[in-house]
Amino acid sequence: MNIDNGKEGSDRIEGLDRLTRTRAPSRDLWPGIQSRLKPRRSRYALGQLALAASLVAGMAATFTLTLRDAGNGLPTYDAASIDPVGRQSFAAAGLTDDSRAIVKANLNMVRQAERQLRKALREDPNSPTLRSLLASTETRQRALSAML
Amino acid sequence: MNKPFSTILFSGLALLAANAWAAEGRPINETRPLKADARVSVSNVSGLIEVEAWGKNEMQLTGTLAPEVEKLIIEGDANGLTIEVKLPRHSRRSGDTILKLKVPAGIELEAEGVSADIRAKGLKGPIEASSVSGDITLDVASARVEAQSVSGDVAVTAPTTDVRVETVSGDVTLRGGKGEMRSESVSGTVKVEAREVRRLDAESVSGDLSFDLQLARDAEVSIETLSGEVVVTLPSLPDLDLDFETFSGDLESAFGELVSETHSRTHHDDDEDDDERGKHYRRHGAGKGHMHLQSFSGDIVLKKK
């Protein structure tokens, strides 16, 4: 049984507790009640679920994006639909401090690699290998940024 | 012994016992009926998820709950069970909770941890495992495995036909698979031993990639890294379309014909510069497949088994 401690008093109907309970209502009241009920779920449980689900969704999106953007001329896997919601929830769920630091360090590494690739592309702008590597690197950078 | 003294003594002993019980965690011992092809989802924040196959159509759960755990939730029926370790609201840290499950081998397993390690042994059904910083170790007979981690290592030993592993900094080891394999890491190393490989996709940024492979005749192989080293061990150079390229790394091969056809992509006329080692090798093969190895500064090494 849910106990109303008065904190949600604005949602109460004045005089409701004075109505007689011996007479059945003339119509089905449940649809109206149901629409006013708020689902009660543990914020922690939601956070944990979001973290775990977003880990899978975020990394799946990373992988799919990377494969799709690789542009190496090989046929790719059937690209699963990219799930921007999953990536957002990954960001929203948050990592532990240690894991966040690891992701940041890896992101810095990817950014440095991207700079090196761009520098190399200036010297060899027609290299398909460099363009392909750059596309993969940019995709990975976006995915790691989304995790933070 | 006088009464006040004995009361204090017994109270103290009771308190010590209670503290010891709390510090060690509360024991778990639960059993549920479970069908051979049921789906089992397990989540734990910190500690261990260990799942082992046995011959009964039951799930047995033993282990210990960390003192901070609010409750252990077990929901579902013989067709599917969900097991969740629930911490109090706003709690971010917890001691280790140990979950040890015994289940029918054919179940479909989904295991999720934050810092919890995940281990599975003897299972035959599909497995999805993810942990943020915990290690994932799967020694199973499953055909399909997916595993993800941020910093935890992932090791899969299984006759998989479809395996997919992704990490950020965790090391990846795949053994015993065939068919399709995908592996990705940013800075973690990747090691793969596989036979009858039809499809392999592997990528890293700085992590070294090592493969001991036997390829199918129509294999599609794509291995890519920026600064990691790629080492591929093969019984012979496959008769596929080959495309190996490194921008500034080196290309080494135990197969003589590869070395003879390799050319330096950055050498211009007579202006040879040993510091510019970029190399590219291409060859058309009789087979339908492709083998594509690509790096920016990492070396590519082909070894003969």
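Of the 305 residues of chain B, 50% count as buried, meaning under 20% relative accessible area, with exposed over 50% and partly exposed in between (1.4 Å probe, protein chains only). This is a predicted model in which local features need pLDDT of at least 70 and side-chain atom pairs count only at pLDDT 80 or more, while totals for chains, interfaces and linings use all residues. Residues are numbered from 1 along each chain as its sequence is written, chains are lettered from A and ligands numbered from 1 in the order in which they are written, and side-chain values use heavy atoms, with hydrogens and water left out.

**View 1. Chain B as a whole.** Chain B holds two helices and 24 strands. Helices (H or I, at least four residues) and strands (E, at least two) are DSSP runs, numbered from the N terminus. Chain B exposes about 13500 Å², by the Shrake-Rupley method with a 1.4 Å probe. Carbon and sulfur atoms supply 47% of that area. Take the contacts (heavy atoms within 4.5 Å) in chain B between residues at least 6 apart in sequence: 45% of them join residues at least 24 apart.

**View 2. The largest nonpolar core.** This core has 91 residues. A nonpolar core is a set of buried Ala, Val, Leu, Ile, Met, Phe, Trp, Tyr and Cys residues joined through side-chain atoms within 4.5 Å. Leu101(B), Leu109(B), Leu213(B), Ile223(B) and Val232(B) have the most contacts inside it. The core lies between domain 1 (24-120) and domain 2 (159-305) of chain B, because both give residues to it. The domain bounds come from an automatic or database domain assignment. In soluble globular proteins, nonpolar side chains tend to be buried together.

**View 3. Ile223(B) and His292(B).** Leaving aside neighbours within four places in sequence, Ile223(B) is in contact with residues including Leu200(B), Phe211(B), Val232(B) and His292(B). His292(B) belongs to strand S23 (residues 290-295) of chain B. His292(B) is buried, because its relative accessible area is 8%. Asp250(B) is 42 residues from His292(B) in sequence and 16 Å from it in space, C-alpha to C-alpha.

**View 4. Strand S14 (residues 162-166) of chain B and its partners.** Four of the five residues of S14(B) are buried. Two strands pair if DSSP finds at least two bridges between them. S14(B) pairs with strand S12 (residues 144-149) of chain B in the parallel sense, over five bridges. Here Gln148(B) has Glu166(B) as its bridge partner. S14(B) also runs parallel to strand S15 (residues 172-184) of chain B, joined by five bridges. In S15(B), Glu180(B) is the bridge partner of Asp162(B).

**View 5. Two glutamates in strands.** Glu110(B) sits in strand S8 (residues 108-113) of chain B. Glu110(B) counts as buried because its relative accessibility is 18%. Beyond neighbours within four places in sequence, its contacts include Arg39(B), Val42(B) and Glu128(B). Glu110(B) and Ala129(B) are 19 residues apart in sequence but 5.8 Å apart in space, C-alpha to C-alpha. Glu196(B) lies in strand S16 (residues 190-204) of chain B. Glu196(B) is partly exposed, with a relative accessible area of 48%. Phi of Glu196(B) is near 50°, a positive value in a residue other than glycine.

**View 6. Helix H4 (residues 97-123) of chain A.** H4(A) has 27 residues and reaches 40 Å from its first C-alpha to its last. That is close to the expected 39 Å, taken as 1.5 Å times one less than the number of residues. Its buried residues include Val103(A), Leu107(A), Glu114(A) and Leu121(A). Helix H5 (128-147) of chain A is among what covers the buried residues of H4(A).
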